[in-house]
Amino acid sequence: MKWNLIRTKVLVALAACLVLGVGGILALMYYSFVRNSQALAAESVTGAQKLFTILEAREISKMTAVSETLIMNPEVRDAFAAKDRSRLLELTAPLYPRLKSQGITNWMFHTPEPDMAVFLRLHNPAKFGDHLNRFMDKEVARTHAMVTGNELAKAGFAVRILRPVYDARGGVTGYVELGEEIGQFIHTMKNQTGDDYGLLLSKKFVDRQFWADSSAVWKRRDNWDDNPNFVVADKTTPTDNIIQFQGEVAAVPDQGKVLQWFHEGDSAFVRGIFPIRDAAGNTVGAMFVVRDISSLYMAMRHTRNVLVLVTVVALALGIFLVLTLLNRLIFRRLEHIIVVATRVVGGDYESEIRVESDDEVGQFEQLFEQFRRVFVDLLAHVPEFQEK
Amino acid sequence: MSQLYDLRVLIENKIKTDGLDAMEVKGKIGLRSGRILALISPSTPDDPDAVAKLRQAAKDVLNINA
(Lines give C-alpha, C1' and ligand atoms only; values in the text may rest on other atoms or scores of the structure.)
Protein backbone atom coordinates (compact mmCIF):
# COMPACT_ATOMS: atom_id res chain seq x y z
CA MET A 1 0.00 0.00 0.00
CA LYS A 2 1.46 3.35 -1.13
CA TRP A 3 0.70 6.02 1.44
CA ASN A 4 1.38 8.91 -0.96
CA LEU A 5 -1.57 7.96 -3.18
CA ILE A 6 -4.85 9.86 -2.89
CA ARG A 7 -6.64 6.52 -3.25
CA THR A 8 -4.89 5.22 -0.11
CA LYS A 9 -5.64 8.39 1.79
CA VAL A 10 -9.30 8.29 0.79
CA LEU A 11 -9.48 4.61 1.72
CA VAL A 12 -7.94 5.33 5.13
CA ALA A 13 -10.34 8.25 5.68
CA LEU A 14 -13.33 6.08 4.79
CA ALA A 15 -12.07 3.26 7.01
CA ALA A 16 -11.73 5.80 9.83
CA CYS A 17 -15.33 6.84 9.16
CA LEU A 18 -16.35 3.19 9.40
CA VAL A 19 -14.55 2.75 12.72
CA LEU A 20 -15.92 6.05 14.06
CA GLY A 21 -19.42 5.15 12.91
CA VAL A 22 -19.36 1.73 14.56
CA GLY A 23 -17.68 3.19 17.65
CA GLY A 24 -20.29 5.94 17.81
CA ILE A 25 -23.12 3.45 17.58
CA LEU A 26 -21.54 1.27 20.25
CA ALA A 27 -21.09 4.28 22.52
CA LEU A 28 -24.67 5.39 21.87
CA MET A 29 -26.01 1.93 22.60
CA TYR A 30 -23.93 1.67 25.74
CA TYR A 31 -25.17 5.08 26.91
CA SER A 32 -28.74 4.08 26.12
CA PHE A 33 -28.33 0.77 27.95
CA VAL A 34 -26.86 2.46 31.01
CA ARG A 35 -29.69 5.01 31.03
CA ASN A 36 -32.31 2.28 30.67
CA SER A 37 -30.63 0.15 33.30
CA GLN A 38 -30.52 3.07 35.69
CA ALA A 39 -34.18 3.85 35.07
CA LEU A 40 -35.09 0.20 35.50
CA ALA A 41 -32.95 -0.05 38.62
CA ALA A 42 -34.59 3.05 40.10
CA GLU A 43 -37.98 1.63 39.18
CA SER A 44 -37.02 -1.68 40.82
CA VAL A 45 -36.16 0.05 44.08
CA THR A 46 -39.24 2.27 44.00
CA GLY A 47 -41.44 -0.66 43.02
CA ALA A 48 -40.07 -2.84 45.80
CA GLN A 49 -40.53 -0.02 48.28
CA LYS A 50 -44.15 0.46 47.18
CA LEU A 51 -44.81 -3.27 47.31
CA PHE A 52 -43.35 -3.42 50.81
CA THR A 53 -45.56 -0.52 51.90
CA ILE A 54 -48.62 -2.20 50.39
CA LEU A 55 -47.83 -5.51 52.11
CA GLU A 56 -47.21 -3.70 55.37
CA ALA A 57 -50.56 -1.86 55.12
CA ARG A 58 -52.37 -5.04 54.14
CA GLU A 59 -51.00 -6.96 57.10
CA ILE A 60 -51.74 -4.10 59.50
CA SER A 61 -55.27 -4.06 58.17
CA LYS A 62 -55.56 -7.80 58.66
CA MET A 63 -54.21 -7.66 62.21
CA THR A 64 -56.49 -4.73 63.01
CA ALA A 65 -59.50 -6.77 61.90
CA VAL A 66 -58.36 -9.80 63.91
CA SER A 67 -57.73 -7.73 67.03
CA GLU A 68 -61.10 -6.01 66.61
CA THR A 69 -62.86 -9.36 66.58
CA LEU A 70 -60.79 -10.51 69.51
CA ILE A 71 -61.51 -7.63 71.85
CA MET A 72 -65.18 -7.76 70.95
CA ASN A 73 -65.34 -11.31 72.30
CA PRO A 74 -66.84 -10.96 75.81
CA GLU A 75 -65.24 -14.16 77.12
CA VAL A 76 -61.76 -13.03 76.07
CA ARG A 77 -62.42 -9.53 77.33
CA ASP A 78 -63.65 -10.77 80.72
CA ALA A 79 -60.85 -13.27 81.18
CA PHE A 80 -58.28 -10.57 80.45
CA ALA A 81 -60.05 -8.08 82.72
CA ALA A 82 -60.04 -10.69 85.48
CA LYS A 83 -56.35 -11.35 84.76
CA ASP A 84 -57.19 -15.04 84.49
CA ARG A 85 -54.19 -16.17 82.42
CA SER A 86 -55.24 -19.82 82.26
CA ARG A 87 -58.73 -18.97 81.02
CA LEU A 88 -57.35 -16.47 78.52
CA LEU A 89 -54.90 -19.06 77.20
CA GLU A 90 -57.66 -21.66 77.05
CA LEU A 91 -59.81 -19.31 74.98
CA THR A 92 -57.12 -18.02 72.62
CA ALA A 93 -54.68 -20.92 72.19
CA PRO A 94 -56.86 -22.80 69.65
CA LEU A 95 -56.89 -19.71 67.47
CA TYR A 96 -53.15 -19.11 67.50
CA PRO A 97 -52.11 -21.88 65.04
CA ARG A 98 -54.63 -20.58 62.54
CA LEU A 99 -53.36 -17.02 62.87
CA LYS A 100 -49.80 -18.27 62.67
CA SER A 101 -50.60 -20.01 59.40
CA GLN A 102 -51.74 -16.59 58.15
CA GLY A 103 -48.41 -15.03 59.12
CA ILE A 104 -49.30 -13.64 62.57
CA THR A 105 -46.43 -15.07 64.59
CA ASN A 106 -46.48 -12.73 67.58
CA TRP A 107 -49.51 -12.45 69.84
CA MET A 108 -49.31 -10.93 73.28
CA PHE A 109 -51.44 -9.43 76.01
CA HIS A 110 -49.94 -6.68 78.15
CA THR A 111 -51.06 -5.45 81.56
CA PRO A 112 -52.00 -1.75 81.72
CA GLU A 113 -49.64 0.99 82.79
CA PRO A 114 -47.81 1.74 84.90
CA ASP A 115 -46.58 -1.88 85.12
CA MET A 116 -47.16 -2.73 81.47
CA ALA A 117 -45.68 -6.20 81.66
CA VAL A 118 -46.28 -9.09 79.27
CA PHE A 119 -49.34 -10.90 80.64
CA LEU A 120 -49.53 -13.69 78.07
CA ARG A 121 -47.49 -14.70 75.04
CA LEU A 122 -49.47 -16.98 72.78
CA HIS A 123 -46.29 -17.83 70.85
CA ASN A 124 -44.50 -18.65 74.13
CA PRO A 125 -47.05 -19.07 76.95
CA ALA A 126 -44.47 -20.13 79.52
CA LYS A 127 -42.77 -16.76 79.39
CA PHE A 128 -44.58 -13.78 80.93
CA GLY A 129 -44.18 -10.97 83.43
CA ASP A 130 -41.27 -9.29 81.62
CA HIS A 131 -41.20 -5.64 80.57
CA LEU A 132 -40.45 -4.78 76.98
CA ASN A 133 -40.19 -0.99 77.31
CA ARG A 134 -40.54 -0.42 73.59
CA PHE A 135 -41.55 2.78 71.86
CA MET A 136 -44.92 1.33 70.84
CA ASP A 137 -45.69 0.27 74.44
CA LYS A 138 -45.11 3.80 75.66
CA GLU A 139 -47.05 5.30 72.79
CA VAL A 140 -50.15 3.16 73.28
CA ALA A 141 -50.08 3.87 77.03
CA ARG A 142 -49.82 7.58 76.29
CA THR A 143 -52.58 7.76 73.69
CA HIS A 144 -54.83 4.80 74.56
CA ALA A 145 -55.30 4.45 70.82
CA MET A 146 -54.13 1.78 68.43
CA VAL A 147 -50.46 2.09 67.48
CA THR A 148 -49.04 0.44 64.36
CA GLY A 149 -45.59 0.18 62.92
CA ASN A 150 -42.40 -1.79 62.71
CA GLU A 151 -40.60 -2.63 65.90
CA LEU A 152 -37.35 -4.42 66.42
CA ALA A 153 -37.58 -6.64 69.48
CA LYS A 154 -36.06 -9.81 70.80
CA ALA A 155 -38.72 -11.77 68.98
CA GLY A 156 -37.46 -10.21 65.78
CA PHE A 157 -38.22 -7.35 63.43
CA ALA A 158 -41.94 -7.29 62.96
CA VAL A 159 -44.78 -5.12 61.81
CA ARG A 160 -47.08 -4.84 64.81
CA ILE A 161 -50.33 -3.43 66.03
CA LEU A 162 -50.86 -2.64 69.69
CA ARG A 163 -54.26 -1.57 70.90
CA PRO A 164 -56.03 -1.11 74.24
CA VAL A 165 -58.59 -3.60 75.54
CA TYR A 166 -61.54 -2.16 77.43
CA ASP A 167 -63.73 -3.80 80.03
CA ALA A 168 -67.52 -3.61 80.08
CA ARG A 169 -67.39 -0.24 81.84
CA GLY A 170 -64.97 1.24 79.31
CA GLY A 171 -61.85 1.11 81.46
CA VAL A 172 -58.50 0.00 79.96
CA THR A 173 -57.74 -3.49 81.23
CA GLY A 174 -54.57 -3.87 79.22
CA TYR A 175 -53.36 -4.15 75.64
CA VAL A 176 -53.33 -6.77 72.94
CA GLU A 177 -50.51 -7.01 70.42
CA LEU A 178 -50.27 -8.84 67.12
CA GLY A 179 -47.18 -8.97 64.95
CA GLU A 180 -45.83 -10.42 61.73
CA GLU A 181 -42.18 -11.01 60.95
CA ILE A 182 -41.02 -8.63 58.21
CA GLY A 183 -38.62 -11.32 57.04
CA GLN A 184 -41.51 -13.27 55.56
CA PHE A 185 -42.50 -10.25 53.45
CA ILE A 186 -39.49 -10.69 51.21
CA HIS A 187 -40.60 -14.19 50.23
CA THR A 188 -44.05 -12.87 49.32
CA MET A 189 -42.39 -10.06 47.38
CA LYS A 190 -40.17 -12.53 45.53
CA ASN A 191 -43.23 -14.62 44.61
CA GLN A 192 -44.91 -11.54 43.19
CA THR A 193 -41.99 -9.94 41.34
CA GLY A 194 -39.40 -12.65 40.79
CA ASP A 195 -36.76 -10.28 42.17
CA ASP A 196 -34.47 -11.23 45.04
CA TYR A 197 -34.52 -9.45 48.37
CA GLY A 198 -32.47 -9.28 51.53
CA LEU A 199 -33.51 -7.79 54.86
CA LEU A 200 -30.70 -5.99 56.66
CA LEU A 201 -30.80 -4.86 60.29
CA SER A 202 -28.54 -2.16 61.66
CA LYS A 203 -26.27 -3.55 64.37
CA LYS A 204 -26.98 -0.44 66.43
CA PHE A 205 -30.46 -1.78 67.10
CA VAL A 206 -29.69 -5.49 67.52
CA ASP A 207 -28.23 -7.10 70.62
CA ARG A 208 -25.18 -9.23 69.84
CA GLN A 209 -26.04 -11.93 72.36
CA PHE A 210 -29.63 -12.07 71.21
CA TRP A 211 -28.45 -12.52 67.63
CA ALA A 212 -26.18 -15.40 68.62
CA ASP A 213 -28.96 -17.03 70.67
CA SER A 214 -31.60 -16.63 67.99
CA SER A 215 -29.19 -17.98 65.37
CA ALA A 216 -28.79 -21.10 67.52
CA VAL A 217 -32.55 -21.42 68.03
CA TRP A 218 -33.32 -21.03 64.30
CA LYS A 219 -30.35 -23.25 63.42
CA ARG A 220 -28.92 -20.64 61.14
CA ARG A 221 -25.30 -19.56 60.80
CA ASP A 222 -24.34 -16.69 63.09
CA ASN A 223 -23.57 -14.09 60.42
CA TRP A 224 -22.90 -11.20 62.83
CA ASP A 225 -19.32 -10.74 61.67
CA ASP A 226 -20.06 -10.89 57.93
CA ASN A 227 -20.67 -7.15 57.66
CA PRO A 228 -19.38 -4.32 59.81
CA ASN A 229 -22.59 -2.27 60.12
CA PHE A 230 -25.51 -4.63 59.66
CA VAL A 231 -26.70 -8.22 59.87
CA VAL A 232 -28.63 -10.07 57.19
CA ALA A 233 -31.88 -11.07 58.88
CA ASP A 234 -33.39 -12.88 55.92
CA LYS A 235 -32.95 -13.24 52.18
CA THR A 236 -34.53 -14.99 49.23
CA THR A 237 -31.34 -16.59 47.97
CA PRO A 238 -29.42 -19.51 49.51
CA THR A 239 -26.26 -17.44 49.96
CA ASP A 240 -25.44 -13.87 50.99
CA ASN A 241 -23.73 -13.19 47.65
CA ILE A 242 -26.41 -10.81 46.48
CA ILE A 243 -25.81 -8.54 49.48
CA GLN A 244 -23.14 -6.13 48.29
CA PHE A 245 -23.44 -3.11 50.53
CA GLN A 246 -20.78 -1.55 52.68
CA GLY A 247 -22.46 1.60 53.94
CA GLU A 248 -24.50 2.54 56.96
CA VAL A 249 -28.14 1.51 56.83
CA ALA A 250 -29.08 4.84 58.41
CA ALA A 251 -27.47 6.67 55.48
CA VAL A 252 -29.79 5.13 52.89
CA PRO A 253 -32.07 7.91 51.58
CA ASP A 254 -35.83 7.65 52.14
CA GLN A 255 -36.57 7.18 48.46
CA GLY A 256 -34.05 4.35 48.25
CA LYS A 257 -30.86 4.15 46.27
CA VAL A 258 -29.61 2.29 43.21
CA LEU A 259 -26.26 0.72 44.05
CA GLN A 260 -25.01 -0.79 40.82
CA TRP A 261 -25.73 -3.03 37.89
CA PHE A 262 -23.61 -6.07 37.26
CA HIS A 263 -23.18 -9.25 35.23
CA GLU A 264 -23.15 -12.88 36.24
CA GLY A 265 -22.44 -15.12 33.29
CA ASP A 266 -24.89 -14.15 30.54
CA SER A 267 -27.28 -12.52 32.99
CA ALA A 268 -27.41 -8.85 34.00
CA PHE A 269 -28.70 -7.55 37.31
CA VAL A 270 -29.27 -4.29 39.14
CA ARG A 271 -28.98 -3.77 42.88
CA GLY A 272 -30.77 -1.27 45.04
CA ILE A 273 -31.65 -0.62 48.64
CA PHE A 274 -34.34 1.27 50.54
CA PRO A 275 -34.63 2.01 54.25
CA ILE A 276 -37.10 0.51 56.71
CA ARG A 277 -38.08 2.65 59.65
CA ASP A 278 -39.50 1.55 62.95
CA ALA A 279 -42.54 3.07 64.65
CA ALA A 280 -40.31 5.69 66.30
CA GLY A 281 -38.94 6.81 62.94
CA ASN A 282 -35.47 5.28 63.31
CA THR A 283 -33.90 3.65 60.30
CA VAL A 284 -33.39 0.25 61.87
CA GLY A 285 -33.09 -1.76 58.69
CA ALA A 286 -33.07 -1.78 54.95
CA MET A 287 -34.35 -3.92 52.14
CA PHE A 288 -31.87 -5.00 49.51
CA VAL A 289 -33.30 -5.56 46.00
CA VAL A 290 -31.70 -7.46 43.13
CA ARG A 291 -33.54 -7.48 39.82
CA ASP A 292 -32.68 -9.63 36.84
CA ILE A 293 -32.63 -7.36 33.78
CA SER A 294 -31.22 -10.02 31.44
CA SER A 295 -34.19 -9.84 29.07
CA LEU A 296 -33.71 -6.10 28.62
CA TYR A 297 -29.97 -6.61 28.36
CA MET A 298 -30.36 -9.31 25.71
CA ALA A 299 -32.81 -7.15 23.75
CA MET A 300 -30.42 -4.20 23.92
CA ARG A 301 -27.50 -6.36 22.90
CA HIS A 302 -29.45 -7.77 19.96
CA THR A 303 -30.41 -4.26 18.84
CA ARG A 304 -26.80 -3.15 19.19
CA ASN A 305 -25.54 -6.09 17.11
CA VAL A 306 -28.10 -5.45 14.39
CA LEU A 307 -27.24 -1.75 14.33
CA VAL A 308 -23.52 -2.47 14.16
CA LEU A 309 -24.06 -4.98 11.36
CA VAL A 310 -26.26 -2.58 9.39
CA THR A 311 -23.75 0.24 9.92
CA VAL A 312 -20.80 -1.89 8.84
CA VAL A 313 -22.62 -3.11 5.72
CA ALA A 314 -23.87 0.39 4.85
CA LEU A 315 -20.47 2.00 5.36
CA ALA A 316 -18.67 -0.81 3.51
CA LEU A 317 -21.07 -0.35 0.61
CA GLY A 318 -20.50 3.40 0.81
CA ILE A 319 -16.74 2.92 0.74
CA PHE A 320 -17.02 0.62 -2.27
CA LEU A 321 -19.23 3.11 -4.14
CA VAL A 322 -17.00 6.09 -3.34
CA LEU A 323 -13.85 4.24 -4.39
CA THR A 324 -15.48 2.98 -7.60
CA LEU A 325 -16.65 6.51 -8.42
CA LEU A 326 -13.23 8.01 -7.66
CA ASN A 327 -11.58 5.32 -9.79
CA ARG A 328 -13.82 5.98 -12.77
CA LEU A 329 -13.86 9.76 -12.52
CA ILE A 330 -10.30 10.51 -11.45
CA PHE A 331 -7.73 7.77 -10.91
CA ARG A 332 -8.18 5.81 -14.16
CA ARG A 333 -8.11 9.01 -16.25
CA LEU A 334 -5.03 10.31 -14.45
CA GLU A 335 -3.30 7.00 -15.10
CA HIS A 336 -4.18 7.31 -18.79
CA ILE A 337 -2.60 10.80 -18.90
CA ILE A 338 0.55 9.40 -17.27
CA VAL A 339 0.72 6.54 -19.80
CA VAL A 340 0.27 8.90 -22.76
CA ALA A 341 2.82 11.40 -21.40
CA THR A 342 5.33 8.58 -20.89
CA ARG A 343 4.79 7.14 -24.36
CA VAL A 344 5.09 10.56 -26.02
CA VAL A 345 8.44 11.14 -24.34
CA GLY A 346 9.39 7.60 -25.43
CA GLY A 347 8.69 8.47 -29.06
CA ASP A 348 5.05 7.47 -29.57
CA TYR A 349 3.85 10.77 -31.02
CA GLU A 350 0.56 9.33 -32.22
CA SER A 351 -0.62 8.51 -28.70
CA GLU A 352 -3.48 10.89 -27.77
CA ILE A 353 -5.34 11.74 -24.62
CA ARG A 354 -9.05 11.00 -24.77
CA VAL A 355 -11.04 13.85 -23.33
CA GLU A 356 -13.96 12.00 -21.74
CA SER A 357 -15.91 14.86 -20.17
CA ASP A 358 -15.73 18.54 -19.32
CA ASP A 359 -15.35 18.04 -15.58
CA GLU A 360 -12.23 19.15 -13.70
CA VAL A 361 -10.18 16.15 -14.83
CA GLY A 362 -11.60 16.57 -18.35
CA GLN A 363 -10.34 20.16 -18.43
CA PHE A 364 -6.92 18.89 -17.38
CA GLU A 365 -7.06 16.18 -20.09
CA GLN A 366 -7.87 18.82 -22.67
CA LEU A 367 -5.04 21.05 -21.48
CA PHE A 368 -2.59 18.17 -21.48
CA GLU A 369 -3.64 17.07 -24.96
CA GLN A 370 -3.03 20.64 -26.23
CA PHE A 371 0.35 20.60 -24.51
CA ARG A 372 1.15 17.22 -26.13
CA ARG A 373 0.40 18.63 -29.60
CA VAL A 374 2.61 21.68 -28.98
CA PHE A 375 5.36 19.36 -27.72
CA VAL A 376 5.17 17.05 -30.75
CA ASP A 377 5.11 20.04 -33.08
CA LEU A 378 8.14 21.46 -31.31
CA LEU A 379 10.04 18.17 -31.68
CA ALA A 380 9.24 18.16 -35.40
CA HIS A 381 11.28 21.32 -35.70
CA VAL A 382 14.32 20.04 -33.83
CA PRO A 383 17.28 19.47 -36.23
CA GLU A 384 18.10 15.97 -34.89
CA PHE A 385 14.56 14.91 -35.82
CA GLN A 386 14.68 16.52 -39.16
CA GLU A 387 17.90 14.65 -39.92
CA LYS A 388 16.03 11.40 -39.35
CA MET B 1 30.93 8.55 -29.95
CA SER B 2 29.63 10.07 -26.76
CA GLN B 3 28.87 8.36 -23.48
CA LEU B 4 25.28 9.52 -23.78
CA TYR B 5 24.90 7.85 -27.14
CA ASP B 6 26.55 4.66 -25.83
CA LEU B 7 23.99 4.59 -23.06
CA ARG B 8 21.16 5.09 -25.55
CA VAL B 9 22.39 2.14 -27.61
CA LEU B 10 22.74 0.02 -24.50
CA ILE B 11 19.20 0.83 -23.45
CA GLU B 12 17.74 0.12 -26.88
CA ASN B 13 19.57 -3.20 -27.06
CA LYS B 14 18.24 -4.21 -23.66
CA ILE B 15 14.69 -3.29 -24.72
CA LYS B 16 15.06 -5.33 -27.87
CA THR B 17 16.60 -8.30 -26.05
CA ASP B 18 13.90 -8.39 -23.39
CA GLY B 19 11.07 -7.72 -25.84
CA LEU B 20 9.79 -4.71 -23.87
CA ASP B 21 7.44 -1.96 -24.99
CA ALA B 22 10.03 0.44 -26.40
CA MET B 23 7.85 3.58 -26.23
CA GLU B 24 6.88 3.02 -22.65
CA VAL B 25 10.37 2.14 -21.41
CA LYS B 26 12.06 4.95 -23.30
CA GLY B 27 9.40 7.32 -22.02
CA LYS B 28 10.03 6.33 -18.40
CA ILE B 29 13.77 6.67 -18.77
CA GLY B 30 13.35 9.99 -20.57
CA LEU B 31 11.11 11.40 -17.86
CA ARG B 32 13.46 10.25 -15.12
CA SER B 33 16.63 11.53 -16.74
CA GLY B 34 15.16 14.65 -18.30
CA ARG B 35 16.39 13.61 -21.76
CA ILE B 36 14.56 12.43 -24.85
CA LEU B 37 16.53 9.40 -26.01
CA ALA B 38 15.63 10.02 -29.65
CA LEU B 39 17.48 13.31 -29.48
CA ILE B 40 20.76 11.73 -28.35
CA SER B 41 23.05 11.23 -31.33
CA PRO B 42 26.72 10.15 -31.64
CA SER B 43 27.63 13.82 -31.82
CA THR B 44 25.73 14.84 -28.69
CA PRO B 45 28.32 16.36 -26.33
CA ASP B 46 28.78 14.63 -22.97
CA ASP B 47 27.61 16.41 -19.92
CA PRO B 48 28.64 14.57 -16.72
CA ASP B 49 25.41 15.46 -15.01
CA ALA B 50 23.28 14.30 -17.95
CA VAL B 51 25.29 11.04 -18.18
CA ALA B 52 24.81 10.34 -14.47
CA LYS B 53 21.08 10.99 -14.66
CA LEU B 54 20.62 8.77 -17.70
CA ARG B 55 22.69 6.02 -16.11
CA GLN B 56 20.61 6.18 -12.93
CA ALA B 57 17.35 6.16 -14.91
CA ALA B 58 18.48 3.12 -16.88
CA LYS B 59 19.34 1.36 -13.64
CA ASP B 60 15.98 2.27 -12.06
CA VAL B 61 13.83 1.22 -15.02
CA LEU B 62 15.80 -1.63 -16.61
CA ASN B 63 18.07 -2.58 -13.74
CA ILE B 64 21.17 -2.33 -15.90
CA ASN B 65 24.52 -1.03 -14.77
CA ALA B 66 25.83 1.02 -17.62
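1. Two strands pair if DSSP finds at least two bridges between them, and the elements named in this note are themselves DSSP runs, numbered from the N terminus, with helices taken as H or I of at least four residues and strands as E of at least two. With that in mind, strand β1 (residues 104–110) of chain A is joined to strand β5 (residues 172–181) of chain A by six bridges, and the two run antiparallel. Within this pairing A:Ile104 stands opposite A:Glu180, while A:His110 stands opposite A:Tyr175.

2. A word on the origin of the model and its numbering is needed before going further. This is a predicted model, in which local features need pLDDT of at least 70 and side-chain atom pairs count only at pLDDT 80 or more, whereas totals for chains, interfaces and linings use all residues. Residues are numbered from 1 along each chain as its sequence is written, and chains are lettered from A and ligands numbered from 1 in the order in which they are written.

3. Chain A contains 10 helices and 10 strands. Of its 388 residues, 28% count as buried, a residue being buried if 20 or more other C-beta atoms lie within 10 Å of its own, exposed if 12 or fewer, and partly exposed in between, with C-beta atoms placed from the backbone. Two residues are in contact if their C-beta atoms, placed in that way, lie within 7 Å, and of the contacts in chain A with a separation of 6 or more, 58% are between residues 24 or more positions apart.

4. Which strands make up the open sheet of chain A, and in what order? There are five, arranged as β2-β1-β5-β4-β3, and the pairing is antiparallel. Strands β2 and β3 (147–153) stand at the edges with a single partner strand each, so one side of each is left without a neighbour in the sheet. Neighbouring strands of this sheet are turned by 30° against each other on average, direction ignored; the axes behind such angles are lines fitted to C-alpha atoms, for helices over the stretch in contact, and angles run from 0 to 180 degrees between N-to-C directions.

5. The bridges can be followed from strand to strand. Strand β1(A) is joined to β2 (residues 118–121) of chain A by three bridges, again antiparallel, with A:Phe109 partnered by A:Leu120 and A:Met108 by A:Arg121. Strands β4(A) and β5(A) pair in the antiparallel sense over nine bridges, and A:Gly174 in β5(A) is the bridge partner of A:Val165. These two strands form a hairpin with five residues between them, and in the turn A:Gly170 has a positive phi of about 95°.

6. Are the residues of β1(A) and β5(A) mostly buried or exposed? In β1(A), six of the seven residues are buried, so this strand is largely enclosed by the rest of the structure. In β5(A), eight of the 10 residues are buried, so β5(A) is likewise largely enclosed by the rest of the structure.

7. Helix α1 (residues 6–72) runs at about 30° to β4(A), and helix α5 (residues 135–143) runs at about 150° to β3(A). In α5(A), the residues A:Met136, A:Asp137 and A:Val140 are buried. Seen down the helix axis they fall within an arc of 105°, taken from the directions from the axis to the C-beta atoms, so they line one face of the helix. These buried residues pack against β1, β3, β4 and β5 of chain A, and after the helix comes A:His144, whose phi is positive, near 55°.

8. Where the chains meet, nine residues of chain A are in contact with 13 residues of chain B. The largest share of the chain A side, five residues, comes from α8(A). That side divides into three nonpolar, three polar and three charged residues, where Ala, Val, Leu, Ile, Met, Phe, Trp, Tyr, Cys and Pro count as nonpolar, Asp, Glu, Lys and Arg as charged, and the others, Gly among them, as polar.

9. In chain B, the buried residues of helix α2 (residues 22–33) include B:Met23, B:Val25 and B:Ile29. The buried residues of α2(B) pack against α8 (294–346) of chain A together with α1 (3–18) and α3 (48–62) of chain B. Just after α2(B), B:Gly34 takes a positive phi of about 80°.
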